[in-house]
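I opened this model to look at the ligand and its metal. My notes follow the structure.

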Amino acid sequence: MLPRWFIPAGILMACIALVPFALVARKRAVETSRTRPQIIFDMDQEPKFKTQSPNALFADRRAMRPEVPGTVARGELREDDHFYRGKVGDQWAVDFPAPVTREMMNRGKERYEIYCMPCHGYAGDGDGPVAQRAEKLAEGTWIPPTSYHSDALRKKPVGEIFNTITNGIRTMPSYAGQVPPADRWAIIAYVRALQRSRWATIDDVPAAERDGLR
Ligand code: HEC
């Protein structure tokens with residue numbers, strides 16, 4: 001025969017046994033800014049510094065350390081002055097570091113129309129959509145992009161134009177971040193083609209194709 005208290009005690013215990021589940025259910029439903037208690041840590045919290053976080057150990061209090069000056073990443077030694085800086089000796093290069101090919105010209109046209117055309121326009125007159133919009137807004141702060149078809153720019157050494165893309169010039173920003181060196185040269189080849197086309201005569205067109213033009 002069971003004692004009289006056995007059944008009520010059993011019911012009570014069964015109710016108490018549900019409490020942890022109720023607590024878990026509550027924790028799952030209610031928002032809190034505190035981190036949840038964790039039973040198995042795995043590698044969720046690690047004693048490390050994340051990007052952009054502070055670190056009092058260093059004088060500038062940044063956990064992210066700058067490169068040691070003069071660091072060169074593997075395979076990124078930029079020794080070739082002509083290719084990487086547009087310089088030959090201490091003069092601006094007047095020729096391209098590699099022969100200009102049809103492929104390079106196509107690449108240059110494509111890159112030009114992405115990165116330069118918005119300001120300088122399809123034909124290099126300085127009338128791209130950004131320039132047009134700025135004229136329309138008439139805020140008085142806009143310096144129009146230089147036309148490529150002036151004598152001065154036609155004579156400008158390719159190396160100097162390379163430097164203009166790399167470092168920007170006066171109000172034009174640098175495009176080094178968007179346009180890697182090989183693409184800069186391709187763009188310059190295309191700029192040269194634009195300049196040449198403006199001054200082309202009928203003699204520049206192959207004889208076989210002249211008919212349609214006259
Ligand atoms: C955001 C608009 C903008 C874009 C995009 C832009 N430029 Fe310019 N560019 C200018 C402006 C503005 C000037 C004139 C700067 C001045 O005189 O203050 C200029 C000037 C120049 C000059 C003349 C520099 C000189 O020696 O006088 C060259 C060459 C040139 N840009 C090439 C490029 C090439 C190549 C690209 C594409 C990689 C490009 N620009 C993209 C706005 C732009």
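These entries cover the ligand's surroundings and then its iron.

Ground rules: this is a predicted model, where local features need pLDDT of at least 70, side-chain atom pairs count only at pLDDT 80 or more, and totals for chains, interfaces and linings use all residues. Residues are numbered from 1 along each chain as its sequence is written, and side-chain values use heavy atoms, with hydrogens and water left out.

Shell: I found 19 residues around the ligand, with C116, C119, H120, T171 and M172 the closest (near means a heavy atom within 4 Å). By class, 13 are nonpolar, four polar and two charged (Asp, Glu, Lys and Arg count as charged).

A polar side-chain atom of K156 sits 2.7 Å from a ligand oxygen. For T171, a side-chain N or O atom is 2.6 Å from a ligand oxygen. H120 has a polar side-chain atom 2.7 Å from a ligand nitrogen.

Iron: the protein donors are H120 (NE2) and M172 (SD), 1.9 to 2.1 Å away (donors are N, O and S atoms within 2.8 Å of the metal, or 3.2 Å for Na, K and Ca). H120 is in helix α4 and M172 in the loop between α7 and α8 (181-198), so the pair ties together parts 52 residues apart in sequence.

How values were computed. Polar contact = N/O pair within 3.5 Å; in protein donor to acceptor, adjacent residues only side chain to side chain. Helix = DSSP H or I, 4+ residues; strand = E, 2+ residues; numbered from the N terminus.
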